[in-house]
Amino acid sequence: MIIDCHGHYTTAPAALEAWRKRQIAALGDPAATPQRSELVIGDDEIRASLEKAQLKMQRERGTDLTIFSPRASFMAHHIGNEATSREWSQICNDLVHRVCQLYPDNFIGVCQLPQSPGVRPENSIPELERCVQELGFVGCNLNPDPSGGHWKEPPLTDRWWYPLYEKMVELEVPAMVHVSSSCNPVFHATGAHYINADTTAFMQFLTSDLFRDFPTLKFIIPHGGGAVPYHWGRYKGLAQDLKRPPLKELVLNNVFFDTCVYHYPGIELLAKVVPVDNILFASEMVGAVRGIDPDTGHHYDDTRRYVDQLQGLSADARYKIFEGNARRVFPRLGERSARAVNAAGRRG
């Protein structure tokens, strides 16, 4: 079985974006705020949004189950206030839940948290509990910078975040560290802001004792870990200079990296530098990079091809990357992913 740990509903029906635009336009005129009941999306619209996109690519690329969350760039936690974010997050999470209900063998949910600049992280706990306990989601996306590129919140290792981490541990769910759109023109969203956040989160973890306080807390740093694998020697040396424990002991029991790296040399480097136990397969298909690489004739985000090309990777290592590590990091996959195994067998 191949589990893709990083998918977003980037192809959601146009009605979702139209409702969001109305919500934003009404921030200066609360009387014009749209009602949730005014957002009408039929099951057939959801099917149409997936059949020629994510589902088609699953079939073509031979992947089975996508861990699926709302569109990251649409989270936009910097827009409006806490109430704005809560309403928008619930709508997006409910739509992902409908996807998972329509295609339980293909998708399983991860939630968007209703974060807002300056609002304490524990205020997101009710939505996390709802999504995990009522909707069957298996994780959350955690934005370390709800300000959208201005970095006003405390580091992820600050006690500011601890109540949320306590709930994550209780629920046995990991967080993918994932920023949203950038409202700072200095940082291109997907080309700079995302990668900056991945790298920044790792450095924060390196300089803290967070995992001494939360030994079972788990994070996925997406996009191959940003700059981390390329500069592994820098981080190893910084930890040494700061009198920190070795990286393996300091972070690698709790921090994992996905394979959303869009060329073979990058995947090859990731697999050489990061222990195989810390790599989860992912593609973020129909995401930040949707085109075809003229040098290969294949989509950049067809990441399974890169993993398949890795030399000297044992069968056990391939199992860990494609399935086993995801099961360890997302323990709530459980029976729902077992159904996907059976479905994969039937398709085979």
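Predicted model: local features only at pLDDT ≥ 70, side-chain atom pairs only at ≥ 80, totals over all residues.
Local features are given where pLDDT is at least 70, side-chain atom pairs count only at pLDDT 80 or more, and totals for chains, interfaces and linings use all residues. Residues are numbered from 1 along each chain as its sequence is written, and side-chain values use heavy atoms, with hydrogens and water left out.

**Salt bridges**

A search of the whole structure gives 22 salt bridges. The term stands for a side-chain nitrogen of Lys or Arg within 4 Å of a carboxyl oxygen of Asp or Glu.

Helices (H or I, at least four residues) and strands (E, at least two) are DSSP runs, numbered from the N terminus. Accessibility is sorted by relative accessible area: buried is under 20%, exposed is over 50%, and partly exposed is in between (1.4 Å probe, protein chains only).

Lys21 and Glu17 are both in helix 1 (residues 14–25), four residues apart, which is about one turn of the helix. An α-helix has 3.6 residues a turn, so residues three or four places apart point the same way. Lys21 counts as exposed because its relative accessibility is 54%, while Glu17, at 35%, is partly exposed.

Arg130 is in helix 6 (residues 125–134) and Asp94 in helix 5, so the pair ties together parts 36 residues apart in sequence. With 18% relative accessibility, Arg130 is buried, whereas Asp94 is partly exposed at 24%. Both residues belong to a network of salt bridges that links Arg36, Glu87, Asp94, Glu127 and Arg130.

**Helix 10**

In helix 10 (residues 232–241), the buried residues are Trp232, Tyr235 and Ala239. They lie on the same side of helix 10, because they cover an arc of only 70 degrees around the axis. That arc is taken from the directions from the helix axis to the C-beta atoms. Gly233, Arg234, Gln240 and Asp241 are exposed on the other side of the helix.

The buried residues of helix 10 pack against helix 8 (189–206), helix 11 (247–250), strand 8 (255–258) and helix 12 (264–273), where contact means heavy atoms within 4.5 Å. After helix 10 comes Lys243, with a positive phi near 60 degrees.
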